[in-house]
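Me: I have a model open and would like to learn how to read it. Can we go feature by feature?

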Amino acid sequence: MNKHAPNSPEARDIAYHLHSYTNAELHQEVGPTVIERGAGIHVWDNTGKRYVEALSGLWSVGVGFGEERLVKAATEQMQKLPYYQTFAHRSHGPAIDLAEKLVSIAPVPMSKAYFTNSGSEANDTVVKFLWYRSNALGKPEKKKIISRFRGYHGVTVASASLTGLPYNHRSFDLPINGILHTTCPHYWKEGRDGESEEEFASRCAADLDAMIQAEGPDTVAAFIGEPVMGAGGVVVPPKGYWQKIQAVLAKYDILLVADEVICGFGRTGNLWGSQTFDIKPDILVTSKQITSSYFPLSAVLLNERAYAPIQDESGRIGTLGHGVTGAGHPVGAAVALENIAIIEERGLVANAARQGEPLRAGLKALADEFELVGEMRGIGLIAALEMDPGRAKDEMAVGALGTAMNVALMRHGVIARNLGDTIAFCPPLIIDDEGVAEIIAGVEKALKDVSAAHG
Ligand code: PMP
């Protein structure tokens, strides 16, 4: 029996709601934290307890909670045209405006924007477009896609296959054929003794080159990666990594897909992660902060090299047989346009760059002070503390220290996220000095508790 009163929201959640990324059996016992409202960087649960949302929901509520301009944009669009489709030559103002806007602010020259509802759908679309394109080019064998271990690209069948995390594959009979995973650029975990960051980056590129050679360069369509890995543990690539990877891809006529679902719209201190790392993608995927998650929306941007064969093929064989009902939803598009306007007008990208410094400095000081922390890493307004179970006084299973930190952080009013033993921080772009100080103070208290128990 769980501890919740009969008919309470918690009891009803346990009775009726199957949760994503939750241990279904454990949930029957512990139940949910029910969040009721939000304002700025804070949310409140149904007991009235306040938390600083240091993960922006799921890395996504860039402009913070309770942004009235987004409410107004959605309301007005709902009243004018709540829905229309974009199949069969139909269109509407918000989708047209958003496509134009995205192409105009893309980090490299892009040709077209294609709309979907989630990051997963966008990445599934990318896989299908890559296959379609190779058929168009008369290279039906050029279909393999190389991703990375620990990369995160979603959960639908193809996107979960791109994802390089065991629990996204285990018991789901994934990955599908033709999707391969190469070395994760995680210097702290994968770097060898005495190996410099740059040497490690060279090794990652050499591993990719060897994989392409082994598979046959004519069988590989694309390489996909997040500029900074998010859900796989906030992995900031080692110096020179993206230059070296791009040099390998250029040798073999392999397209580059940048999954900017987390990095896009300011997270790394520039509008795009591709700008921070000088990545020149052929295809760019964006979602989450595009609407600050007030409405589900994602977009795939294609450059001419990626797009032109798709146009040719559909001209030849007939309609492009792909698309979802909500593609380019007018309310989502209106919210995205207003959200991007807010980010631009309030200088939130520059704010993310500015506030990222004290956030990372504060976390770094705690990493130096507390023995249980292996390292702090981050860039812009995304960071992580790597908890090191090897330093705990007791034997701890992988992820147990991270879970203990998560529980302590919640107790002290900080919502972050433990990805195994990595504690991820990704606060709203609007955060100010006070908000950063609140996060650091809560993390310090949590580290004291966890160190007292396990240090
Ligand atoms: N790509 C990246 C980089 C992501 O972080 C995520 C979500 N965390 C996705 C894709 C999948 O997005 P969604 O959950 O909207 O399907």
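Reply: We go from domains to ligand shell, helix packing and backbone details. Keep in mind that this is a predicted model.

Me: Start with the domains. Which residues belong to domain 1 and which to domain 2?

Reply: Look at the bounds first, and check whether a domain is one segment or several. Here domain 1 comprises 33-66 + 347-454. Domain 2 runs over 70-345. The C-alpha centres of the two domains are 27 Å apart.

Me: How many residues of each domain are in contact with the other?

Reply: Count each side separately. Domain 1 gives 27 residues and domain 2 gives 23. Next, ask what builds the side of domain 1 that touches domain 2. The elements giving two or more residues there are helices H3 (56-59) and H15 (348-369), plus strands E11 (373-379), E12 (382-387) and E15 (422-425).

Me: Now the ligand. Which residues are the closest to it?

Reply: Read a shell from the inside out. The closest residues are Ser118, Gly119, Ser120, Gly154 and Val261. In total, 15 residues surround the ligand.

Me: Which helix gives the most to that shell, and how does the shell divide by class?

Reply: Helix H6, residues 119-136, gives the most, with 3 residues. By class, the shell holds 8 polar, 5 nonpolar and 2 charged residues.

Me: On to helix packing. At what angle do H10 and H11 pack?

Reply: Helix H10 (residues 197-215) packs on helix H11 (residues 241-251) at about 20°, and their axes are 9 Å apart. Angles under 35 degrees count as roughly parallel, so H10 and H11 fall in that class. The crossing of H10 and H11 is right-handed.

Me: Which residues make the contact?

Reply: From H10 come Ala201, Ser202, Cys204, Ala205, Leu208 and Asp209. H11 answers with Tyr241, Lys244, Ile245 and Val248. The tally is 7 nonpolar, 1 polar and 2 charged residues.

Me: Let me try H15 and H17. What are their angle and axis distance?

Reply: Follow the steps again. H15 and helix H17 (residues 433-454) pack at about 15°, with axes 10 Å apart. H15 and H17 are therefore roughly parallel. Their crossing is right-handed.

Me: Last, the backbone. Where is there a cis peptide bond?

Reply: Check omega. The bond joining Leu174 and Pro175 is cis, with omega about 5°. Pro175 sits in the loop between helix H8 (166-169) and strand E6 (179-182).

Me: And what is the phi of Tyr21?

Reply: Look for positive phi in residues other than glycine. Tyr21 is such a case, with phi near 40°. Tyr21 lies in the loop between helix H1 (9-16) and helix H2 (24-30).

Notes. Residues numbered from 1 in each chain as written. Predicted model: local features only at pLDDT ≥ 70, side-chain atom pairs only at ≥ 80, totals over all residues. Domains from an automatic or database assignment. Contact = placed C-beta atoms within 7 Å. Helix = DSSP H or I, 4+ residues; strand = E, 2+ residues; numbered from the N terminus. Near = placed C-beta within 6 Å. Nonpolar A, V, L, I, M, F, W, Y, C, P; charged D, E, K, R; others polar. Axes fitted to C-alpha atoms, helices over the stretch in contact; angles between N-to-C directions. Parallel < 35°, antiparallel > 145°, perpendicular 65-115°, else oblique. Left-handed = near helix turned anticlockwise from the far one by under 90°.
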